[in-house]
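Let's take a friendly tour of a protein model, one topic at a time. Keep the 3D view open as you read.

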Amino acid sequence: MSNTYVALLRGINVGGNNKLPMKDLVQMFVVAGCRDVRSFIQSGNVIFSADPDLAPLLPTRITAQIAERFGFRVPVLLRTAHQLDGVIRDNPYRARGVDENTVYVLFLAGPPRQPDVATLDPNRSPPDTFIVLGQEIYLHLPEGAARSKLTNAYFDAKLATISTARNWRTVLKLRELMAG
């Protein structure tokens, strides 16, 4: 039995740094034993099917292959189709009528510890807001991500984790692609 997953890579093909052709990335997943592998946009989104016992091994394997072949290390986070359904369903900004073009999701490598979440400063970057739910952080960035102080580095340091962000439109498109 196989499940559908999305791999979310952080920090590739951004501003001319960490260049990684998507065709090479897709091939790494194929060689690792994944099926129906395809990428979406250049920022490191890979949709694939894999056996549930193989999937947890992929982040370490793919990170190692990228380091060996391209000379840089990037985090690889996985979500199942079911998990992505929950991310979409639980978006707290939808009920508030927030413009979807200003919503981002920060995917975390694991659920943060509650004492760490309590250290987050809700007034770090007004008018930006965030809500931590499970192993995601929903961001409302009305002036855009470039101006916000709610960055991967901030959340990674405060929550002792690794994260990668996607805008809401990309989250919806990834789920659509996972459906077939």
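## Two helices crossing

Helix H3 covers residues 81-89 and helix H6 residues 168-178, and they pack at an angle of about 145° with axes 10 Å apart. Here axes are lines fitted to C-alpha atoms over the stretch in contact, and angles run from 0 to 180 degrees between N-to-C directions. Helices are DSSP runs of H or I with at least four residues, strands are E runs of at least two, and both are numbered from the N terminus.

The contact (heavy atoms within 4.5 Å) includes Leu84 and Ile88 of H3, plus Trp168 and Leu174 of H6.

## Where this comes from

This is a predicted model: local features need pLDDT of at least 70, side-chain atom pairs count only at pLDDT 80 or more, and totals for chains, interfaces and linings use all residues. Residues are numbered from 1 along each chain as its sequence is written, and side-chain values use heavy atoms, leaving out hydrogens and water.

## A serine tucked away

Now look at serine 163, which sits in strand S8 (residues 163-167). Is serine 163 buried or exposed? Serine 163 counts as buried because its relative accessibility is 0%; the cut-offs are under 20% relative accessible area for buried and over 50% for exposed, with partly exposed in between (1.4 Å probe, protein chains only).

Among the residues in contact with serine 163 are Arg10, Leu77 and Phe107.

Conventions:
Lists of a residue's contacts leave out its neighbours within four places in sequence.
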